[in-house]
Every structure is written in C-alpha cells, then in structure tokens.
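Here are my notes on the model, jotted down as I went through it. Have it open while you read.

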Amino acid sequence: MSTPQEATAAEAQAAIAEEFAFFGDWTERYQYLIDLGRQLPPFPEENKTEAFRVHGCQSMVWLVPSGDASKLHFEATSDSAIVSGLIALVLRVYSDRPAQEIVDTEPTYVQEIGLAKHLSPTRSNGLAAMLAKIKAHAATLAAA
C-alpha cells in the first residue's frame with residue numbers, strides 16, 4: 001500500500017472514511033476501490049489453495065494469516081478488481097495489529113463510506129466472510 005500504516009485500527013477506519021468523502025459519486029468510489037486493489041502486494045501462487053480460500057465469496061478470495069497474538073499479518077488476493085479493493089481496505093484496518101485489537105474492532109467504515117448500501121448481496125456476503133475469517137483467527141490467538 002502506498003498509504004502509511006495508521007497506528008490503530010480506529011485511525012485506519014477514520015482515514016478511509018476521510019478518503020472516500022473526497023469522491024462525489026459511487027462511480028469515482030468504485031474506481032478508487034479498483035485502484036487500491038491494484039496496489040496490493042503480489043500474492044504467491046502457491047498460496048492459492050483450498051486451505052486459504054475464503055468461502056462465501058462469489059469471486060475467488062484467498063487469505064493467509066501469519067504472526068502471533070502480538071501482531072497478526074494478513075495477505076490476501078482476489079480474481080475480482082472490486083473485491084481486491086475491498087481486501088485492501090480490510091487489510092489496512094486489520095493487518096499488522098494485535099489479535100485483541102482485531103477482535104475488538106468492528107468494521108464501522110463499511111457503513112461510514114456507504115459500502116453497505118452499494119455492494120451487491122454476494123459482495124457483502126464475501127466481505128462478511130473475509131471479516132469473519134480474520135476475526136476468528138485473531139480470536140483463537142487472543143484466547144491462547
């Protein structure tokens with residue numbers, strides 16, 4: 001990502017809301033999402049396995065967790081341009097954070113920037129599945 005890593009998940013969500021406020025309509029917001037998706041780091045082909053696949057997404061999505069309870073890192077990719085942009089936002093809020101902070105952080109930015117209203121039901125389900133997988137992994141580590 002070209003954006004700096006915000007200190008907390010709450011700061012990341014506030015920054016995302018601020019960025020999306022610059023765009024007047026959803027055509028521009030979708031274009032911004034696609035641009036964010038293009039900036040995702042390269043994803044290793046060998047990680048595109050069933051074990052890392054996020055189910056519940058219409059498009060193909062893979063999510064690889066690493067790290068420990070003090071700092072969890074996630075890598076992810078999708079075969080869809082818009083979903084890749086959603087991944088970029090999710091990673092910005094949740095990756096490289098302590099497990100407990102991940103568990104405690106609700107994705108308020110989804111409502112704040114109007115994503116909830118503008119995503120198709122299948123993309124909303126996919127986003128929910130991605131968030132559930134990240135939070136479940138974090139909860140397991142936080143409880144350990």
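This is a predicted model: local features need pLDDT of at least 70, side-chain atom pairs count only at pLDDT 80 or more; totals for chains, interfaces and linings use all residues.

The points below go through an aromatic cluster, a helix pair, a loop residue and a lysine.

1. Ground rules. Residues are numbered from 1 along each chain as its sequence is written, and side-chain values use heavy atoms, with hydrogens and water left out.

2. Aromatic pairs. Searching the whole structure turns up four of them. Phe20 and Phe23 make an edge-to-face pair, because their ring centres are 6.4 Å apart and the planes sit at 70 degrees. For the terms: rings of Phe, Tyr and Trp (its six-membered ring) pair if their centres lie within 6.5 Å, and planes under 30 degrees apart are stacked, over 60 edge-to-face, the rest tilted. Phe23 also pairs with Tyr32, this time tilted, at 4.9 Å between centres and 35 degrees between planes. Put together, Phe20, Phe23 and Tyr32 are one aromatic cluster.

3. Phe23, at 22%, is partly exposed. Here buried means under 20% relative accessible area, exposed over 50%, and partly exposed in between (1.4 Å probe, protein chains only).

4. H1 against H2. The axes of helix H1 (residues 9–21) and helix H2 (residues 26–38) come within 10 Å and cross at roughly 130 degrees. Helices are DSSP runs (H or I, at least four residues), numbered from the N terminus; axes are lines fitted to C-alpha atoms over the stretch in contact, with angles from 0 to 180 degrees between N-to-C directions. The two are therefore oblique, the label left over once under 35 degrees is roughly parallel, over 145 roughly antiparallel and 65 to 115 roughly perpendicular.

5. Who touches whom there? H1 brings Glu19, Phe20 and Ala21, while H2 brings Arg29, Tyr32 and Leu33; contact means heavy atoms within 4.5 Å.

6. Asp96. Worth a look: Asp96 has a positive phi of about 65 degrees, yet it is not a glycine. It sits in the loop between helix H3 (81–94) and helix H4 (99–104), and at 29% relative accessibility it is partly exposed.

7. Lys135. This residue of helix H7 (residues 121–143) is buried, with a relative accessible area of 16%. Neighbours within four places in sequence aside, Lys135 contacts Tyr94, Ile102, Val103, Thr105 and Glu106.
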